[in-house]
Amino acid sequence: MSFEKPIQILVAEDDEDDKLLILKAFERTLPKEKVTCVDDGEALLKYLKRIAPYDDLEKYPKPDIILLDLNMPRKDGREALAEIKSNDELKSIPVIIFTTSNHVDDIQVTYKMGSSSYITKPASFDELVKVTEEIENYWSKTVLLPG
């Protein structure tokens, strides 16, 4: 059974090249305005808590899912994940860890902290496109997300 609903994705990624590639890959399946990027965990939390400059709900819509890099400046992905999952208003948002790390400790710790998925960034753009298509299909056509 399909529950197809356009999803809003918030990407927390500090690497400009990775950010551009992720946006380009998602453009194949999602309208451009359905994917928003922030540069680090601190900006992610400001966005989620509607702190300026992210206080305009029309310009910065509530995400249905978050793609979260682990290794970022100012507030890394682990710290951001802990803060999201300890906040009653935010903890229902699925968080997908999307990082270069494939360390067992990172995988185990982030699942224990409440992440919904853990994906290692693919090595090629074609593989990245496949991953973004799978993310979009699963999260918009297969599962029911909290409203």
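**Exercise 1. In this predicted model, determine how α2 and α3 are oriented to each other.**

Solution.
1. Take the axes of α2 (residues 41-49) and α3: they come within 9 Å and cross at roughly 20°.
2. Angles under 35 degrees count as roughly parallel.
3. The helices α2 and α3 are therefore roughly parallel to each other.
4. The crossing of α2 and α3 is right-handed.
5. On the α2 side, G41, L44, L45, L48 and K49 make the contact; α3 contributes A80, E83 and I84.
6. Sorted by class, the contact of α2 with α3 holds five nonpolar, one polar and two charged residues.

**Exercise 2. Describe the ends of α2 and state which of its residues are buried.**

Solution.
1. Begin at the N-terminal end, which D40 caps: a side-chain oxygen of D40 lies 3.0 Å from the backbone nitrogen of E42.
2. Within α2, the residues G41, A43, L44, L45, Y47 and L48 are buried.
3. The cover over these buried residues includes β1 (9-12), β2 (35-38), β3 and α3.
4. After α2 comes R50, with a positive phi near 65°.

**Exercise 3. Locate D69 and decide whether D69 is buried or exposed.**

Solution.
1. D69 sits in the loop between β3 (65-68) and α3 (77-85).
2. The relative accessibility of D69 is 5%, and buried means under 20%.
3. D69 therefore counts as buried.
4. Leaving aside residues up to four places away in sequence, D69 touches A12, E13, D14, G77, F98, T99 and K121.
5. With T99, the side chain of D69 forms a side-chain polar contact of 3.2 Å.

Methods: Residues are numbered from 1 along each chain as its sequence is written. This is a predicted model: local features need pLDDT of at least 70, side-chain atom pairs count only at pLDDT 80 or more; totals for chains, interfaces and linings use all residues. Side-chain values use heavy atoms; hydrogens and water are left out. Helices (H or I, at least four residues) and strands (E, at least two) are DSSP runs, numbered from the N terminus. Buried means under 20% relative accessible area, exposed over 50%, partly exposed in between (1.4 Å probe, protein chains only). A polar contact is a pair of N or O atoms within 3.5 Å; within protein, one must be able to donate a hydrogen and the other to accept it, and residues adjacent in sequence count only if both atoms are side-chain atoms. Contact means heavy atoms within 4.5 Å. Axes are lines fitted to C-alpha atoms, for helices over the stretch in contact, and angles run from 0 to 180 degrees between N-to-C directions. Angles under 35 degrees count as roughly parallel, over 145 as roughly antiparallel, 65 to 115 as roughly perpendicular and the rest as oblique. A crossing is left-handed if the near helix is turned anticlockwise from the far one by less than a right angle, and right-handed if clockwise. Ala, Val, Leu, Ile, Met, Phe, Trp, Tyr, Cys and Pro count as nonpolar, Asp, Glu, Lys and Arg as charged, and the others, Gly among them, as polar.
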